[in-house]
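Subject: Structure handover

Hello,

Here is the structure you were going to look at. Please open it beside this email, and read the notes below with it on screen.

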Amino acid sequence: MAITYPLALPTIKGIRAIRLVAKNSVGVNTSPFTFSQQVYKHQGQIWQAEASLPPMTRAEAEEWFSFLVKLNGQYGTFLLGDPHAAPRGSASSTPGTPVVNGASQVGSTLAIDGLPASATGYLKAGDYIQLGSGATARLHKVLNDADTNGSGEATLDIWPDLRSSPDDDSAVVVSDAVGNFRLSTNEIGVDINEIELFGITFAAIEAL
């Protein structure tokens with residue numbers, strides 16, 4: 001059976017811990033004489049992740065190890081998000097039907113609509129959204145609390161900046177948001193101890 005990317009994570013055993021890193025490309029030049037700084041913000045913004053799995057039996061571990069080997073190192077991609085980050089805002093219980101409100105949007109804000117009207121704290125700072133799906137899935141973090149107006153519209157401050165301009169009325173995922181990632185290295189291993197418990201960790205970077 002042909003392998004099609006991106007892969008979905010195995011469900012037999014969940015991730016025990018994950019470290020998500022928001023990396024920015026910023027240049028800083030410091031004077032050796034006055035220590036004054038010149039700072040330049042480049043366009044580069046990318047997610048990185050380090051994940052560890054709980055101790056597993058061989059049957060459980062082999063599903064995860066096979067999944068990672070299927071990626072062929074950094075070639076293949078998979079969908080990953082924060083498994084412990086349900087929305088803190090009211091979107092968790094009354095999401096509405098969030099969609100992009102207007103085409104040709106760029107930068108670090110996103111106008112959306114299709115939301116419950118006049119909802120305070122629809123999304124909270126730190127919540128995640130997803131734009132696109134499959135290979136085009138992009139993970140964004142909401143940076144400020146967002147309320148909706150009487151027409152069910154809101155404008156979100158997000159990181160990273162929009163990778164491309166989403167189409168008007170394209171879906172905005174507010175629960176179980178994921179992005180498209182690849183492994184950070186071409187090597188993957190499994191640790192096996194004397195009582196036949198298996199341990200797996202892996203590092204990943206956003207696939208752009």
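In what order do the six strands of the open sheet with E4 in it lie? The order is E4-E5-E8-E7-E6-E9, and the pairing is antiparallel. At the edges of this sheet are strand E4 (99-100) and strand E9 (172-173), each of which pairs on one side only. Please keep in mind that this is a predicted model.

Inside that sheet, strand E7 (residues 138-142) pairs with strand E8 (residues 154-159) over two bridges, in the antiparallel sense. To find the pairing on screen, go to valine 142, whose bridge partner in E8 is isoleucine 158.

The other sheet

There is also an open sheet of five strands, again with antiparallel pairing, in the order E1-E2-E13-E10-E3. Its edge strands are strand E1 (17-30) and strand E3 (78-80), and each of these pairs on one side only. On average, neighbouring strands in this sheet are turned by 45° against each other, with direction ignored.

The pairs in this sheet can be followed in turn. E1 and E2 are antiparallel and are joined over 13 bridges. Threonine 30 stands opposite glutamine 37 in E2. The hairpin of E1 and E2 has six residues between the strands, and phenylalanine 35 in this hairpin takes a positive phi near 65°.

E2 is in turn joined to E13 by five bridges, and these two run antiparallel. Glutamate 50 has alanine 203 in E13 as its bridge partner. On to the next pair: strand E13 (residues 201-206) and strand E10 (residues 179-183) pair in the antiparallel sense over three bridges. Here leucine 183 has alanine 204 in E13 as its bridge partner.

The nonpolar core

Which residues of the largest nonpolar core touch the most other members? They are Ile15, Trp64, Leu68, Phe78, Leu80, Phe181 and Phe202, out of 25 residues in this core. At least two residues each come from strand E2 (37-52), helix H1 (58-70), E3, E10 and E13. H1 gives the most, with four residues.

Pockets and a cavity

The largest pocket has a volume of about 340 Å³. It is lined by 18 residues, and the closest to its centre are Leu9, Gly81, Asp82, Pro83 and Val178. By class, this lining has 13 nonpolar, two polar and three charged residues.

The second largest pocket holds about 280 Å³ of space. Its lining has 15 residues, of which Leu131, Gly132, Thr136, Ser164 and Pro166 are the closest to the centre. Strand E6 (128-131) and E7 are the elements that give two or more residues to this lining. The lining of the second largest pocket divides into five nonpolar, seven polar and three charged residues.

How many cavities of 30 Å³ or more does a search of the whole structure find? The search finds one. The largest cavity has a volume of about 30 Å³. Its lining is made up of Ala85, Ala86, Pro87, Asp127, Tyr128, Val174, Ser175, Asp176 and Ala177. Six of these lining residues are nonpolar, one is polar and two are charged.

Regards

Conventions
Residues are numbered from 1 along each chain as its sequence is written. This is a predicted model: local features need pLDDT of at least 70, side-chain atom pairs count only at pLDDT 80 or more; totals for chains, interfaces and linings use all residues. Side-chain values use heavy atoms; hydrogens and water are left out. Two strands pair if DSSP finds at least two bridges between them. Axes are lines fitted to C-alpha atoms, for helices over the stretch in contact, and angles run from 0 to 180 degrees between N-to-C directions. On a 1 Å grid over the protein atoms alone, a cavity is a set of points where a 1.4 Å probe fits but cannot get out, and a pocket is an open set with protein on both sides within 12 Å along at least five of seven lines; lining residues have an atom within 4 Å of a point. Grid points are joined across faces, edges and corners, and a volume is the space filled by probe spheres set on the points. Ala, Val, Leu, Ile, Met, Phe, Trp, Tyr, Cys and Pro count as nonpolar, Asp, Glu, Lys and Arg as charged, and the others, Gly among them, as polar. A nonpolar core is a set of buried Ala, Val, Leu, Ile, Met, Phe, Trp, Tyr and Cys residues joined through side-chain atoms within 4.5 Å. Buried means under 20% relative accessible area, exposed over 50%, partly exposed in between (1.4 Å probe, protein chains only).
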